[in-house]
Amino acid sequence: MLVHSRRARRAVWAVFLVLFLPLFALPLLVVLAASFATHWSGVLPSGPTGAHYRAATHGEALQALTTSLVTASTASVLALAAGTWAALAAAALKRRYRRVLDALFVLPVAVPSVVVGLATLVAFSQPPFLLNGTRWIVIAAHTVLVTAFAHQSVAAAAARLDPAYAQAAASLGARPARVLWTVQLPLLLPSLTAAAGLCFALSMGELSATMMLYPPDWTPLPVLVYAATDRGALFTGSAVAVVLMTATLLVLLAVSRIRTKASYR
Amino acid sequence: MSEAVAAVRPRRGRPRGLPRPSTALLWALPPTALLAVVFLYPLALVVRQSVHPDTGGTSLQPYADVLASGAFREALWTTVWLALASTAGCLVLGFALALVIAFVPFPGARAVSRFVDVFLSFPSFLITLALVFVYGTAGLANGLWTDLTGAAEGPFRFLTTPWGVLLAEITYFTPFVMRPLLAAFSQLDTAQVEVAGSLGARAPMIVRRVILPEALPALAAGGSLVLVLCLNEFGIVLFTGAKDVTTLPMLVYGKAILESDYPGACVVAVVNVLISVGLYGLYRVVSRRAGA
């Protein structure tokens with residue numbers, strides 16, 4: 001205990017709450033409150049309504065929700081596959097090659113996502129890869145952006161993995177594919193599910209690269225939130241944002257249940 | 001003789017079933033090829049386009065044009081000072097908040113640190129959206145002011161200035177500093193704090209002499225990550241919607257999508273990539289030194 005006197009401790013807690021609540025809790029609360037309101041001209045919002053949610057769960061918004069969910073799941077699965085493959089392949093390499101591979105796969109974190117969007121747009125609007133105007137250009141950009149996080153998370157876990165398990169299995173005659181499937185991947189499962197959750201959340205909220213790329217028939221939720229607030233429909237935008245947060249949280253919750261099951265094994 | 005030594009030495013190489021170094025290189029090829037197609041090749045095209053003006057040929061004219069333009073210089077300056085100020089703010093605020101959660105724990109402190117994790121999974125533009133309702137022209141703060149004083153308008157109108165972006169960035173990125181700090185604090189032996197306290201050190205001195213040195217690696221790692229993320233932040237600035245707040249990523253978006261000036265956009269993109277990859281390299285070196 002750093003602060004012993006009861007009064008000083010109370011004072012520290014008060015300062016903490018004064019800083020923490022307005023900065024971190026208030027933003028989420030006001031977005032939630034605004035999504036149920038029609039006016040906000042006083043201290044509190046007024047004109048309670050559920051109409052924004054009707055708009056946010058029907059028609060265009062519903063389509064955007066499925067677009068976001070499909071994009072995020074596809075990008076997460078692709079990123080997990082590529083990132084895990086790269087991380088496991090790198091773990092078997094010599095130190096020098098491993099560092100090159102790790103650096104290559106981490107590079108997309110450092111490159112601004114707007115630039116990833118621009119690069120994808122430039123590259124896939126000309127032969128040999130003509131993807132511009134299709135949903136695949138959005139999915140490709142999202143995959144690039146989240147692969148780095150999947151790779152980092154799995155690589156860190158693979159480095160801590162005790163090689164004795166894989167060696168024991170191999171010395172008992174298991175083929176490499178079997179070692180991978182029955183020994184290494186189950187041991188990596190907690191980090192894989194953590195990475196899946198991270199990739200999914202990042203892709204659900206991705207705006208920068210998406211703004212550069214999205215075709216009219218593949219509009220993810222963040223773009224819709226921006227479109228709504230840009231034309232002044234702040235309350236509808238808040239309702240769409242709440243739908244976005246809820247969908248993300250539900251998926252994260254489901255993923256974390258897989259994780260706890262895995263860690264009890 | 002050498003054969004005898006070789007016989008005694010344990011057999012080098014891996015047990016059967018694990019990849020050999022040469023096959024390991026082969027296995028590393030498919031993901032690398034994929035990355036090359038979807039990321040490295042597009043990035044190379046951006047660099048190529050940046051030296052190919054629309055008029056044709058190869059020249060550095062786009063660079064000369066962009067680097068000389070006032071809009072670019074202003075965006076560069078805005079980006080850098082906003083990122084530096086946000087990082088400083090996040091470090092101070094994150095350190096203070098993590099300190100309280102870890103060393104002056106209160107009922108619910110665990111819930112707060114879990115809330116911080118959840119906060120990280122939300123997109124950044126939500127903060128700007130929320131700030132509109134808190135400090136906007138007809139928001140909570142201004143509403144409170146007009147209700148209390150009877151004035152026609154409230155005093156808070158900083159949202160569309162760089163200060164609004166700064167507030168949003170500090171709010172959104174502080175948890176990125178708090179998480180590594182909380183991890184570092186959980187490994188700190190609390191006996192050190194107790195001993196220092198029983199020897200008569202007061203709280204500020206314990207923080208300065210015992211806790212801060214332990215926290216420095218986590219602060220450095222978190223701070224440089226936040227610096228890179230702030231340099232590349234787009235959603236917050238886009239949602240602010242202010243004409244006079246232009247950062248480098250906004251300039252890339254504006255030139256490419258709104259003006260269709262691709263060579264110009266590519267030039268700004270190359271500059272932006274150089275700055276942030278350089279800083280990120282520094283971050284990797286720092287965090288590896290720190291063992292984080």
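Along the sequence, chain A runs α-α-α-α-α-β-β-α-α-α-α-α-α. That comes to 11 helices and 2 strands. Helices here are DSSP runs of H or I with at least four residues, strands are runs of E with at least two, and both are numbered from the N terminus. The model is predicted: local features need pLDDT of at least 70, side-chain atom pairs count only at pLDDT 80 or more, and totals for chains, interfaces and linings use all residues. Residues are numbered from 1 along each chain as its sequence is written, while chains are lettered from A and ligands numbered from 1 in the order in which they are written.

## Chain A overall

The C-alpha trace of chain A spans about 70 × 70 × 30 Å along its principal axes. Chain A has 265 residues, and 48% of them count as buried. A residue is buried if 20 or more other C-beta atoms lie within 10 Å of its own, exposed if 12 or fewer, and partly exposed in between, with C-beta atoms placed from the backbone. Take the contacts in chain A with a separation of 6 or more: residues 24 or more positions apart account for 71% of them. Two residues are in contact if their C-beta atoms, placed from the backbone, lie within 7 Å.

Thr67(A) sits in helix α3 (residues 59-91) of chain A. Thr67(A) counts as buried because 20 C-beta neighbours lie inside 10 Å. Leaving aside neighbours within four places in sequence, Thr67(A) is in contact with Trp218(A), Thr219(A) and Pro220(A). Thr67(A) and Leu221(A) are 154 residues apart in sequence, and their C-alpha atoms are 7.7 Å apart in space.

## Where the chains meet

In the contact between the chains, 71 residues of chain A touch 71 residues of chain B. On the chain A side, the largest share comes from helix α1 (residues 6-34) of chain A, with 13 residues. By class, this side of chain A has 55 nonpolar, 13 polar and 3 charged residues. Ala, Val, Leu, Ile, Met, Phe, Trp, Tyr, Cys and Pro count as nonpolar; Asp, Glu, Lys and Arg count as charged; the others, Gly among them, count as polar.

In chain A, the axes of helix α5 (residues 113-123) and helix α6 (residues 135-160) come within 10 Å and cross at roughly 140 degrees. That angle makes α5(A) oblique to α6(A). Axes are lines fitted to C-alpha atoms, for helices over the stretch in contact, and angles run from 0 to 180 degrees between N-to-C directions. Angles under 35 degrees count as roughly parallel, over 145 as roughly antiparallel, 65 to 115 as roughly perpendicular and the rest as oblique. The crossing of α5(A) and α6(A) is right-handed. On the α5(A) side the contact includes Ser113(A) and Gly117(A), and on the α6(A) side Ile137(A) and Leu145(A). The contact of α5(A) with α6(A) has 6 nonpolar, 3 polar and no charged residues.

In chain B, helix α5 (residues 109-120) packs against helix α8 (residues 162-187) at an angle of about 135 degrees, with axes 10 Å apart. Here too the term is oblique, for α5(B) against α8(B). This crossing of α5(B) and α8(B) is left-handed. A crossing is left-handed if the near helix is turned anticlockwise from the far one by less than a right angle, and right-handed if clockwise. Among the residues that meet are Phe119(B) of α5(B) and Arg179(B) of α8(B). The contact of α5(B) with α8(B) divides into 7 nonpolar, 1 polar and 1 charged.

## Annotated spans of chain B

An unreviewed UniProt entry annotates residues 76-283 of chain B as "domain: ABC transmembrane type-1". UniProt positions are in the numbering used here, feature names are shortened, and annotations may be inferred rather than shown by experiment.

| Span of chain B | Distance between end C-alpha atoms | Helix and strand |
|---|---|---|
| Residues 76-283 | 21 Å | 79% helix, 0% strand |
| Residues 80-106 | 38 Å | 89% helix, 0% strand |
| Residues 118-138 | 29 Å | 67% helix, 0% strand |

Helix α6 (residues 125-135) of chain B is largely enclosed by the rest of the structure, because 10 of its 11 residues are buried. Phe125(B) and Val134(B) are among them.

## Two further sites in chain B

Gln61(B) is found in helix α3 (residues 61-68) of chain B. Gln61(B) is partly exposed, with 15 other C-beta atoms within 10 Å.

Ser260(B) lies in the loop between α12 (248-258) and α13 (262-290) of chain B. Ser260(B) is not a glycine, yet has a positive phi of about 55 degrees. With 10 C-beta neighbours inside 10 Å, Ser260(B) counts as exposed.
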